[in-house]
Amino acid sequence: MLAPGNNRATDGPDGLVDMIGQFTVRVDVTDGNIDCDALPQFIRGDSSADGFADLSDAIVTLEFLFLGTTMPTCEKSVDVDDSGLMDLNDPISLLKLLFLGDPPPGAPYPACGVDPTDDGLTCQEFAPCGV
């Protein structure tokens, strides 16, 4: 882990290294080559990027999907069911969590973290997590 004033990192779980709370970096060393990928942190279900997954996020997602409003800057935060898609299942899953007590979505929820699954969704900006 990195700390302010420390320029060394230690291995984290699954080859992830925490970069002072803003990005997590995956480091892969194979055949003498070092590959690093910065993995942005976000909160699953928080499509409005206000730091909380609540009713407003279901509305933001429905507006994006059906009214053509601006796409959220962090597509991964929209993907409540972690299917790798932004679709109607996502706001429905969030509403079921909020009003019917369904199980919470997978990580990262309810706090900032990285997506443990690899998919085609991006996360360009997510201010509550410092990205």
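How many helices and strands does the secondary structure of the protein chain come to? In this predicted model, the count is three helices and three strands. Read from the N terminus, the elements follow the order β-β-β-α-α-α. The chain has 131 residues, of which 34% are buried. Contacts were also sorted by sequence separation. Among those with a separation of 6 or more, 51% join residues 24 or more positions apart.

Helix packing was examined for α1 and α3. Helix α1 covers residues 55-67, and helix α3 covers residues 89-100. Their axes come within 9 Å and cross at roughly 160°. An angle over 145 degrees counts as roughly antiparallel. Helices α1 and α3 are therefore roughly antiparallel to each other. The crossing of α1 past α3 is left-handed. On the α1 side, the contact is made by L55, D57, A58, T61, L62 and L65. On the α3 side, P91, L94, L95, L98 and F99 take part. Sorted by class, this contact of α1 with α3 comprises nine nonpolar residues, one polar residue and one charged residue.

Nonpolar cores were considered next. The largest holds six residues, namely F42, I43, C74, C123, F126 and C129. One of these, C74, was followed through its contacts. With neighbours within four places in sequence left aside, C74 touches F42, T122, C123, Q124, E125 and F126.

V80 was examined in more detail. This residue sits in the loop between α2 and α3. Is V80 buried or exposed? Its relative accessible area is 8%. The limit for a buried residue is under 20%, so V80 counts as buried. Beyond neighbours within four places in sequence, V80 is in contact with R44, G45, D90, S93, L94 and P105. V80 and P91 are separated by 11 residues in sequence. In space, their C-alpha atoms are 7.4 Å apart.

Backbone geometry was then inspected. Most residues other than glycine have a negative phi, and most peptide bonds are trans. Which residues other than glycine have a positive phi near 55°? A49 has such a value, and so does D82. A49 lies in the loop between β3, residues 33-40, and α1. With a relative accessibility of 27%, A49 counts as partly exposed. D82 is placed in the loop between α2, residues 75-78, and α3. At 25% relative accessibility, D82 also counts as partly exposed. V80, in that loop between α2 and α3, is buried.

Where in the chain are P108 and P110 found? P108 is placed in the segment after α3. P110 is also found in the segment after α3. The peptide bond from A107 to P108 is cis, with omega near 0°. The bond from Y109 to P110 is likewise cis, again with omega near 0°.

Definitions and conventions
Residues are numbered from 1 along each chain as its sequence is written. This is a predicted model: local features need pLDDT of at least 70, side-chain atom pairs count only at pLDDT 80 or more; totals for chains, interfaces and linings use all residues. Side-chain values use heavy atoms; hydrogens and water are left out. Axes are lines fitted to C-alpha atoms, for helices over the stretch in contact, and angles run from 0 to 180 degrees between N-to-C directions. Helices (H or I, at least four residues) and strands (E, at least two) are DSSP runs, numbered from the N terminus. Angles under 35 degrees count as roughly parallel, over 145 as roughly antiparallel, 65 to 115 as roughly perpendicular and the rest as oblique. A crossing is left-handed if the near helix is turned anticlockwise from the far one by less than a right angle, and right-handed if clockwise. Contact means heavy atoms within 4.5 Å. Ala, Val, Leu, Ile, Met, Phe, Trp, Tyr, Cys and Pro count as nonpolar, Asp, Glu, Lys and Arg as charged, and the others, Gly among them, as polar. A nonpolar core is a set of buried Ala, Val, Leu, Ile, Met, Phe, Trp, Tyr and Cys residues joined through side-chain atoms within 4.5 Å. Buried means under 20% relative accessible area, exposed over 50%, partly exposed in between (1.4 Å probe, protein chains only).
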